[in-house]
Amino acid sequence: MDIVELSRLQFAVTALYHFIFIPLTLGLSILLGIMETVYVMTGKTIWRDMVKFWGVLFGINFAMGVATGVTMEFQFGTNWAYYSHYVGDVFGAPLALEGMMAFFLEATFVGMFFFAWDRLSKVQHLIATWALAMGTNFSALWILIANGWMQFPVGAHFNADTMRMEVSDFMAVIFNPVAQAKFVHTVSAGYVTGSVFVLAISAWFLLKGRHIEFAKRSMTVAASFGFASALSVVVLGDESGYTAGQNQKMKIAAIEAMWNTEPSPAAFTVFGLPDLASHTTKFEVQVPWMLGLVATRSIDTPVPGISELVGQAHDNIKDGMIAYGALLAVRKTPQDPAPRTLLDAHVANLGYALLLKQQRPDVQNATEAQIQVAAASTIPNVPVLFWSFRLMVACGFWFIALFGVAFWLSAKRKLDSHVWFLRCAIFSLPLPWLAGELGWIVAEYGRQPWAVEGILPTALGVSTTAAGNVLLSLIGFAVFYTALLAADFYLLVKYIRLGPDDILTRPVGAAKEDAA
Amino acid sequence: MSYDTLRVIWWLLLGVLLGGFAIADGFDLGTAALLTFVGRSDVERRVAINSVGPVWEGNQVWLILGAGAIFAAWPALYAASFSGFYLAMFLVLAALIVRPVGFKFRSKLDDPRWRGWWDWALCIGGIVPPLVFGIAFGNLFTGVPFSFDADLRMHSDISLWSLLNPFALLCGLVSLSMIVTHGAAWLNYKTRGPVQDRARFILPFTAGAYIALFIVAGVWLSHMDGYSLTSLTTPNAPSNPLAKNVTHGLPGWLANYAAHPLLYLLPLAALASAVLAIVLRKRSGLSFLVSTTVPALTLATAGVALFPFLLPSSSQPGASLTVWDASSSKLTLEIMLGAVILFLPVILAYTAWVYRVMRGPVTRQQIEASSKTSY
């Protein structure tokens, strides 16, 4: 494998590992806030015990999220140096803001959450818990603003003197519609994850006949919060689909395995076997109109198919080659305005010319055959996207059903009376993780071959460090993360089995009396 | 505000953030590095760990924010240093990955082998970052082999071994002794009993080592070749590191000090603070307060010597990154400065509140009373 493949694999591995822990952090932090709010309002200590028990599990998971998160922030620099140079002016700002607005908040108040039960008043501790929850959610906001910009690079322009993208409208970067849709979709997915986690473990307690009151209360919170979140994740998923339909037509076409433009409104393919070689999908089962309605919210706007989009890419590449030629002229005679004017006229497609860099450094001289290869390279891996997307959506609808039933049962106060439901809840435990990871595969793998859509090809973004170094770090991360994940899993299982009574036997007021 | 002023402000802010990291995370890294020395029994080690337990996570964000701010304000530096020091960064990452998990997982099981394993992991996790960052800083003075092509893609050929040159190793030890001293001063201030006794015992040795190594590094630096700008650069020009000339040789790295002798107060104050931290060790609060200035002053000493260089290139000196040609656009620097002005006071305020809430020593009795919930 070359440096590009190794770097991509490392990013995929570390990002997917990171996202094992993040959705649970997002969801549980809010659930802890809700439970503690009930405790402060009612004064019933069972609610405090709930906060503490789920808090222990939250803490074990949170540590892993922090540990795997540092890698993500460093990795842009270590493995994607040219990317960092090329878009750092835009992309770095949300990351720095994430540090200022989110990381400090969550990291500072997570210490308060665990260590300051006896040093703070009830209300003060509640504020600390909510500050922690807000911190984790702000973090998601800023990182998705950064990621949204990679999907839909608004508010920036190319600067020939510095050879990079620079911010022209920061508000456009922040209020990027793709980022906003992705943010709500992703945090909702996190809330679903946290809710399924609480629901499933509580269901297990009920099946075992342990901690009945504790488990029923926990389930009630998870059922209502989870139901709202499951609805939100699907609705906002639709919003994501719509915004992607506007900006990332190739991604939509690949998800749909829509090889050619169909008469609008296009049909949605529920099932099929997309074949990369022949550009066809076998055994298609289609729902008429549905794709056209979701992607364009109209009945007469066509959804372009893959062949048409490759044709457009071909034109864009030729246009981009003019821009690259002009860029070389700007470098040679920086004072001459003529090449700058030419560059400005074609700069929108400069990124497409950079697709040719894999074949030759002097992209302005590419042959027609090379242009065709580059144009074809804009097709992402259709079968993977097609199936990842469908599995994710199926999980999404399952969550609505699961939480719908849970909500109804909790309203009827019959949460513990149906064994089949409790079993369903337990078996659903891995599904939010499956859906979340598949969602990121759709979002990121579907963006290929671009690191930043239409601006910078992924293959160009890598560092020039030795491939052996990346192989070494990739193996290191994989081994290290897997060992830590095993320890994490072991501790979670152990503490769940211990249950709330054992964890909380020690009177928590003890520490303060000794200090005084 | 002009572009060059913004660049200088962001150079200062770079120092503030790295200094914040060295001060805040410094004492908990130092505490972890000393863990197996100051804590002989399980409960002693827990006293040491819980002295930083509630605050270390927030402290480490100084590093995360530092990296984010370098990305946002100095993207070329972020790209060149993180990829150039690839395996060194991997070592730091490994340490930073082990720390949160180690703190959280260590006392979750009652098994002495499990706890012993994590104690060593935390100890090594406390030693590696200051050592590697010190070595990396040392390499800034010797220069690092990297160059840019016309597309401003960096090409580097830096092996981990080439980073381990004698001067850089010396800087690594300066950094390590400084951070361990800071950790010892913290434990001396924040704990009681045998942990405090051992921290107080070791402090003069680590601080003494810092003083000696810092002086040796200074004398060595005065004899080393430095990098200097030879062509006139426009401090307001767009960031392109290929638009200047740089030579390697005279007048050396102390040119800024020679031009402004008052700057010598920085290294002198660093040394004086280290001496005071030893002298005042029986007044542990004061000693710790003094020791917080040592990382800041040490960093300032090095930064002033380097200015305006951020990362000199030994293989293509003209490609060196400087304050004038490695920054973000003017607009990004302005936006980020606004964000810092808005958020940094808030961050400092709630951080101060947290330290106030958690004030008072950590004792054996407290740990035994809260043995299920403490780290």
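## Salt bridges between the chains

In this predicted model, the count of salt bridges between chain B and chain A is two. In a salt bridge between the two chains, the side chain of Asp151(B) meets that of Lys357(A), with a distance of 2.6 Å from N to O. Side chains of opposite charge can pair when their charged atoms come close. Polar contacts between chain B and chain A, counted where both residues are at pLDDT 80 or more, come to 24 residue pairs.

## The side of chain B that touches chain A

Several elements of chain B each supply at least two residues of the side that touches chain A, and among them are helix H4 (56-73), helix H7 (112-142), strand S2 (154-156) and helix H14 (330-357). By class, this side of chain B has 48 nonpolar, 19 polar and eight charged residues.

The contact draws 75 residues from chain B and 87 residues from chain A. About 7100 Å² is buried between the two chains, and carbon and sulfur atoms give 72% of that area. Of the area that chain B buries against chain A, 10% is supplied by Tyr86(B), Asp151(B) and Arg153(B), which is more than any other three residues supply.

## Salt bridges in the whole structure

Over all chains, a search of the whole structure finds 24 salt bridges. One of them joins Asp161(A) to Arg340(A), where the closest N and O atoms are 2.9 Å apart. Because Asp161(A) lies in the loop between strand S1 (156-159) and strand S2 (164-167) of chain A, while Arg340(A) lies in helix H11 (residues 337-346) of chain A, the pair ties together parts that are 179 residues apart in sequence.

## Helix H14 of chain A

Helix H14 of chain A (residues 382-411) has 30 residues, which at 1.5 Å a residue should span 44 Å, and the 43 Å between its end C-alpha atoms agrees with this. The N-terminal end of H14(A) is capped by Asn381(A), a side-chain oxygen of which lies 3.4 Å from the backbone nitrogen of Val384(A). Just after H14(A), Arg413(A) takes a positive phi of about 55 degrees.

## Confidence in the model

The model scores ipTM 0.93 and pTM 0.93. Chain B has a mean pLDDT of 93, and 100% of its residues reach 70 or more. Among the elements of chain B, the lowest mean pLDDT, 86, belongs to helix H8 (residues 160-163), and the highest, 97, to helix H9 (residues 166-190).

Key. Residues numbered from 1 in each chain as written. Chains lettered and ligands numbered in written order. Heavy atoms only, no water. Contact = heavy atoms within 4.5 Å. Buried area = accessible area lost by both parts, 1.4 Å probe. Salt bridge = Lys/Arg side-chain N within 4 Å of Asp/Glu carboxyl O. Polar contact = N/O pair within 3.5 Å; in protein donor to acceptor, adjacent residues only side chain to side chain. Helix = DSSP H or I, 4+ residues; strand = E, 2+ residues; numbered from the N terminus. Nonpolar A, V, L, I, M, F, W, Y, C, P; charged D, E, K, R; others polar. Expected span 1.5 Å × (residues − 1). pLDDT = per-residue confidence, 0-100.
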